[in-house]
Structure formats: C-alpha cells, structure tokens
Amino acid sequence: MAPLPNAELVQNSLQLYRYLLRCCKQLPEENIRQHYRHAVRQSFKVHADEDNPERIQQIIKRAIEDADWVMSK
C-alpha cells in the first residue's frame with residue numbers, strides 16, 4: 001500500500017497530524033487503524049510543546065518515513 005501523495009507538502013505539526021490520520025484510514029483492518037490512530041494522537045500530545053523549528057522538522061521527517069514504512073507493510 002503506497003503512502004498518500006503530497007507528503008513533501010507537510011510543513012507543520014497540524015498538517016502532519018492530518019496527513020497521518022489520512023494514512024490510517026487506508027489501513028486494511030479496523031484494529032490496526034485504531035492502534036495507529038491512537039499512536040498518532042499520543043505522539044501529537046507528547047510533542048505539542050516542542051518549539052524548536054529544527055527539531056519539529058526532524059519529527060515531521062521521521063513521522064513521514066515511519067508512515068511510509070507502515071503503509072508498505
């Protein structure tokens with residue numbers, strides 16, 4: 001399963017959050033979708049107070065890479 005297009009357009013945390021939730025909708029089984037939706041929400045909450053722009057870009061890059069990996073499984 002290919003990742004969603006336009007991942008390169010994700011520039012901020014809210015765009016990343018929406019992108020990852022859209023990826024979750026493409027997963028084949030409901031229990032898998034629920035698991036990854038929960039993980040996305042938890043990660044968003046954990047990193048909500050991050051204010052270093054460089055660190056935010058690292059988090060976005062890593063999250064998209066991880067989403068690509070999950071979608072290709």
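Buried, in what follows, means under 20% relative accessible area, exposed means over 50%, and partly exposed is in between, with a 1.4 Å probe and protein chains only. By that cut-off arginine 33 is buried, because its relative accessible area is 18%.

Before I go on: this is a predicted model, where local features need pLDDT of at least 70, side-chain atom pairs count only at pLDDT 80 or more, and totals for chains, interfaces and linings use all residues. Residues are numbered from 1 along each chain as its sequence is written, and side-chain values use heavy atoms, with hydrogens and water left out.

Arginine 33 is found in helix 2; helices here are DSSP runs of H or I with at least four residues, numbered from the N terminus. Its side chain makes a polar contact with the side chain of glutamate 30, at 2.7 Å. A polar contact is a pair of N or O atoms within 3.5 Å; within protein, one must be able to donate a hydrogen and the other to accept it, and residues adjacent in sequence count only if both atoms are side-chain atoms. Leaving aside residues up to four places away in sequence, arginine 33 touches Cys24, Lys25, Leu27 and Pro28, where contact means heavy atoms within 4.5 Å.

Now the helix pairs. How do helix 1 and helix 2 pack? Helix 1, residues 13-25, and helix 2, residues 30-46, pack at an angle of about 170°, with their axes 9 Å apart. They are therefore roughly antiparallel, a label for angles over 145 degrees, while under 35 counts as roughly parallel. On the helix 2 side the contact includes Arg33, Tyr36 and Val40. By class, this contact has eight nonpolar, one polar and four charged residues.

Helix 1 and helix 3 pack at about 5°, with axes 11 Å apart. That makes helix 1 roughly parallel to helix 3. Among the residues in contact are Leu16, Tyr19 and Leu20 of helix 1 and Ile60, Ala63 and Ile64 of helix 3.

Next, the core. In the largest nonpolar core, which has 17 residues, Val10, Leu16, Tyr19, Leu20, Val40 and Ile64 touch the most other members. Helix 1 gives the largest share, seven residues.

Last, arginine 18, which is found in helix 1. Is arginine 18 buried or partly exposed? It counts as partly exposed, because its relative accessibility is 48%. Arginine 18 and valine 40 are 22 residues apart in sequence and 9.7 Å apart in space, C-alpha to C-alpha.

Terms used. Axes are lines fitted to C-alpha atoms, for helices over the stretch in contact, and angles run from 0 to 180 degrees between N-to-C directions. Helices (H or I, at least four residues) and strands (E, at least two) are DSSP runs, numbered from the N terminus. Angles under 35 degrees count as roughly parallel, over 145 as roughly antiparallel, 65 to 115 as roughly perpendicular and the rest as oblique. Ala, Val, Leu, Ile, Met, Phe, Trp, Tyr, Cys and Pro count as nonpolar, Asp, Glu, Lys and Arg as charged, and the others, Gly among them, as polar. A nonpolar core is a set of buried Ala, Val, Leu, Ile, Met, Phe, Trp, Tyr and Cys residues joined through side-chain atoms within 4.5 Å.
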